[in-house]
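Dear colleague,

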Amino acid sequence: MSDTVSRRSALWLLGGAVTVAAAATGWSARPAGATGTRATATGTAVAPAASPRVESLIRRLTLDEKLTFLHGADDPHSLGQAGYVPGVPRLGIPPLRLADGPAGVRVTKHATALPAPVLLASAFDPALAREYGEVIGREGRALGQDVLLSPMVNLIRTPYAGRNFETFSEDPLLSADLVAEEVSGIQAQGLIATVKHFALNNQEKDRMSIDVRADEQTRHEAELRGFEAAVAARAGAVMGAYNKVGGVFACENADLLTGVLREAWGFDGWVMTDWFAAHSTVASLRAGLDMEMPNGTYFGAALKEAVGDGSVPQALVDRSVRRVLTVMERFGLLDGSAPARPDRDPAAGARTALKVAKAGATLLRNERRALPLTGAAARSIAVIGPTGSLPFVSGGGSAHVVPDHAAGPLDAIRERAGKGARVRYALGEDLFGRALPAGAVSPGADFEGQRVAAGATWTYDGTLTAAEADEWTLVIHYSGRERPVVLLDGTELFPLAPGYGEYFAGGLVSAAPDGLAVRRATVRLATGPHTLKITAKGGADGQVFRLRRITGATRAADVAEAVRVARAAESVVLFAYEDATEGADRTTLALPGHQNALIDAVTAANSRTAVVLNTSSSTTMPWLERTAAVLQMYYPGQEGAAATAAVLFGDCDPGGRLTQSFPVSDERHPMAGDPRRYPGVDGVEEYSEGIHLGYRWYDQESVAPLFPFGHGLSYTSFGYDDLSVRAEHGGLSVSFTVRNTGRRTGTTVAQVYVGRSPHLRLDQAERALAGYRRLELPPGGARRVTVTLPARTLSSWDPARHDWVLGTGRRRVEVGASARDIRLTGHGEVRR
Ligand code: BGC
């Protein structure tokens, strides 16, 4: 590394040159050859020989057999996992089963549903990330899997992104620390980890086609750091993203797959596509893709043909086979040395799930010590909200896990409050609808449980009559794969989202408590009859179908009941939700449905209202000032209800801190007002905020967030003293004393931020997280903490040198309880 003054490279913004060697496009940070693989100008990489066992297998495999390693196939004995590679029994090579995912193993059987990764990240505790990985690693092996399609390390860039709950943070350092430990934990149990989605897959909107343009410095300092950490932790596999990067699909992007991954970082595992993310045969293989998932559209017969006609040399096929087999060998899958599959340990899984949910629970607001609930407030409680009684376990899409069990918060609160307490519940907002009023439909039919036999079709042709003009939400519940078609006044109410079908329809609130799928459509109905036509198909297994409604009148009645229950109680715990899923972004940061109005009404009725948020990411809170407390629990996993109750009653301190900034409104965040930045214009999206992601942007633009990065309250208070900063091996050693100044044992996360280097003419953040320490202290307890900031953390990426460059000179060092709650400031001299 060296100090350097340079102009920012615009190469990537121009689309980059992707077919030439990585070194020529400026990706290489290490000398070619040091990484084990070398890309030539034609894209044909020469890979070094693998172990004698792998080389011998490659010699004995036929071309057809080799190709089976390069794409997914149907599993004759599927356990419900996402992917399968059959292996070659003739040579004793076993199959690979590949399962999601980020919050637990997703197969058809039960597994531990851990809290969403964003909740894990909120604990700021790499050791906990390792434990989380160990639980998934063991379960994956126990459940017959070999490869885990996790962790996801894409940064939280836009608050709207549908998968923010599946990943860690807006901060690259925190994300990198956690991903490294989680990968180690997973792999220590013998399961191969797949870090995903490489790279710049930071939104779901247009994820299959969006072309991301981010300059070189931004890529390296932001999104790529987590992937680099996963590679350094020796993740066995990398999953390429759906999107394009610099004009080229990520799964056929030589700059990413060969230049960065292999040459700069020395990755020695294999690269698979995201599901159906392959776009070519020859270009992809040459670029560095090894495996197409979940089938062989491009890497099956088409690849065989390309080898046959000479457009792909066998050596390239061998290179990919070698990469897969080498990882398999490392995990003992080729010589039977892999440890026997363990049994599941659901009790241990549940313990970790509970621990993580408590550790990540983030208390955003707590006025006049409203929490924990004690005394009268703990003996007379109103629990309000649909997710107050339903267990909100996980988000939707590929991160969904079939939990071992799950209780709702109401039961957990009742249990914790004890027999003498009065705990009343009110729904507040109806998610699943009420039966249609008698006489509203003509002719009459069974809309509460219409059964359509397998292979049969049921049609209804009649009218729905609104007694008065009102807003109606029509709700269908149905079993089976095929969504019924419902036409009201000729308009289809529940059309399928193009491309995704039913799969990514949503998480918790898209299924009724009895498991039927639920869809909703809101329409304004004029007084009088409306034509209603329904077609429901029995499919292979038959279908159960319901049609229900929520009207302005039922809504008002639910709010009135909530207000009545809130008034009669000493304290209120109101549960609010937002149900995110892969495949779609949110369109607003407001809570969905009429929850804001519900919170307004309830807080007006009882000022001692604590709002518990089960949301995927940040949420706007127009009602914040009227609440007594706000507790962010995200998607808390199968033990979420118990963890929530433990925090509410003060059995543990809320240990979490925000890993993303929460904006005040839809107009005041890094993506606001510039559609080229988000969600993209004409298929292209520019990361024009550069390195100023998340809190860095709020600092740069002097915008106040609703809650800053790093924020979270404890039930006790902490003081910070005696900062000292020393130069050490090109880095800094930062010491300070943390004291629990309150009357309870509590947890804090001390955060160390660094300011700019005076010697770099590169763009730098006003303040960047450089280290942190989570610690628990008894009342009056104090601890001297030393956080080491290595040279790399104090470096910027110089696009002129295509390398990290140390930010030398006098640098500001701050210690605080959030990015906006700085308690100590000092300086340190960074020297090479
Ligand atoms: C997701 C991946 C997931 C894969 C397999 C894709 O839709 O983007 O994260 O691993 O499906 O389920």
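In these notes Ala, Val, Leu, Ile, Met, Phe, Trp, Tyr, Cys and Pro count as nonpolar, Asp, Glu, Lys and Arg as charged, and the others, Gly among them, as polar. Sorted in this way, the shell around the ligand holds 6 nonpolar, 2 polar and 7 charged residues. Please keep in mind throughout that this is a predicted model.

Around the ligand there are 15 residues, of which Asp100, Arg163, His197, Asp274 and Glu582 come nearest. The side chain of Asp100 has an N or O atom 2.5 Å from an oxygen atom of the ligand, and a polar side-chain atom of Glu582 likewise lies 2.5 Å from a ligand oxygen, while for the side chain of Arg106 the corresponding distance is 3.4 Å. The ligand taken alone exposes 310 Å², and the protein buries 96% of that.

Elsewhere in the model you will find an open sheet of 6 strands, in the order S10-S25-S24-S23-S11-S12, whose pairing is mixed. Its edge strands, S10 (362-366) and S12 (422-426), each pair on one side only, and neighbouring strands are turned by 15° against each other on average, with direction ignored. Within this sheet, S23 (residues 571-577) and S24 (residues 609-614) pair in the parallel sense over 6 bridges, and Phe575 has Val612 in S24 as its bridge partner.

Two helices can be followed from here. Helix H17 (residues 552-567) packs on the sheet and touches S11 (380-384), S12 and S23, its direction making about 165° with that of S12. Helix H18 (residues 595-605) lies across S11, S23 and S24, and runs at about 175° to S23.

Technical notes: Residues numbered from 1 in each chain as written. Predicted model: local features only at pLDDT ≥ 70, side-chain atom pairs only at ≥ 80, totals over all residues. Heavy atoms only, no water. Pairing = 2+ DSSP bridges. Helix = DSSP H or I, 4+ residues; strand = E, 2+ residues; numbered from the N terminus. Axes fitted to C-alpha atoms, helices over the stretch in contact; angles between N-to-C directions. Contact = heavy atoms within 4.5 Å. Near = heavy atom within 4 Å. Polar contact = N/O pair within 3.5 Å; in protein donor to acceptor, adjacent residues only side chain to side chain. Areas by Shrake-Rupley, 256 points an atom, 1.4 Å probe, with all protein chains shown as cover.
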